[in-house]
Amino acid sequence: QVRLVESGGGSVQAGGSLRLSCAASGYTYRSACVGWFRQGSGKERERVASIYFGVGGIYGIYYDDSVKGRFTFSQDNTKNTLYLQMNSLKPEDTDMYYCAATSSDRRSSASCYVASVYKYWGQGTQVTVSS
C-alpha cells in the first residue's frame with residue numbers, strides 16, 4: 001500500500017525559505033511521475049514541480065515557470081523521501097501543498113504536470129508567506 005506523508009509547511013515572511021518533505025512508503029520509482037502540487041481556496045490544483053522516473057532512474061525534473069530558479073525538487077533514495085526546497089518565497093506562494101505519485105505505468109513525462117493522472121496523494125501541508 002502506497003502512503004505519502006508531507007511535512008515542513010509553516011509561516012514565513014516574504015523572501016524566506018521552507019523545505020517540504022514527503023515520506024513515501026510502498027512505492028516503486030519506475031516509469032512513474034512524482035510531483036508537488038498546490039491548491040488555494042477556490043482554485044484548481046496546479047503542479048509546482050515533478051520528477052519523471054524512467055526505467056533507469058530520474059529522467060527529468062520539471063518546474064512551473066512561477067517557481068523556476070526558486071524551488072528545487074529532489075529525492076533522497078536512502079530515506080525514500082522527496083523534498084521541495086523553497087527559497088525566495090512570495091506571498092503568492094501561499095497555498096496548501098500536496099505530494100503526489102502516479103502508478104508505475106507512465107511511458108513518458110508528457111503528463112506529469114496533470115493532476116488527474118496522479119493516483120496517490122498526501123494529506124497536504126500549509127505554506128503561508130506574509131508580505
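Let's start with the rings: a search of the whole structure finds 8 aromatic pairs, where rings of Phe, Tyr and Trp (its six-membered ring) pair if their centres lie within 6.5 Å, and planes under 30 degrees apart count as stacked, over 60 as edge-to-face and the rest as tilted. Take Tyr27 and Tyr29: their ring centres are 5.1 Å apart and the planes stand at 85°, so this pair is edge-to-face. This is a predicted model, in which local features need pLDDT of at least 70 and side-chain atom pairs count only at pLDDT 80 or more, while totals for chains, interfaces and linings use all residues. Residues are numbered from 1 along each chain as its sequence is written, and side-chain values use heavy atoms, with hydrogens and water left out.

How covered are these tyrosines? Buried means under 20% relative accessible area, exposed over 50%, and partly exposed in between (1.4 Å probe, protein chains only). Tyr27 counts as buried because its relative accessibility is 10%, and Tyr29 is buried too, at 14%. Another edge-to-face pair joins Tyr52 and Tyr59, 6.0 Å centre to centre with 85° between the planes.

Arg45 brings a charge to the rings. Its charged end sits over the ring of Tyr98, 3.9 Å from the centre, and over the ring of Trp121, 4.5 Å from the centre. For such a placement, NZ of Lys or CZ of Arg must be within 6 Å of the ring centre and within 35 degrees of the ring normal.

Now to the strands, which are DSSP runs (E, at least two residues) numbered from the N terminus; two of them pair if DSSP finds at least two bridges between them. An open sheet of 4 strands has the order 1-3-8-7, with antiparallel pairing. Strand 1 (3-7) and strand 7 (71-76) are at the edges with a single partner strand each, so one side of each has no neighbour in the sheet. From one strand to the next, the twist averages 15°, taken between axes that are lines fitted to C-alpha atoms, with angles running from 0 to 180 degrees between N-to-C directions. Within this sheet, strand 3 (residues 18-25) and strand 8 (residues 81-86) run antiparallel and are joined by 6 bridges, with Ser21 opposite Tyr83.

With strand 11, the antiparallel pairing of strand 9 has 3 bridges, and Tyr97 faces Thr125. Strand 10 (residues 120-121) is also an antiparallel partner of strand 9, over 2 bridges, where Ala100 stands opposite Trp121.

A nonpolar core is a set of buried Ala, Val, Leu, Ile, Met, Phe, Trp, Tyr and Cys residues joined through side-chain atoms within 4.5 Å. The largest one has 28 residues, of which Val34, Leu84 and Met86 touch the most other members. Among the elements giving two or more residues to this core are strand 4 (32-39), strand 5 (46-54) and strand 9 (95-101). Apart from this core lies another, of 6 residues, including Cys33, Tyr52, Ala100 and Tyr118.
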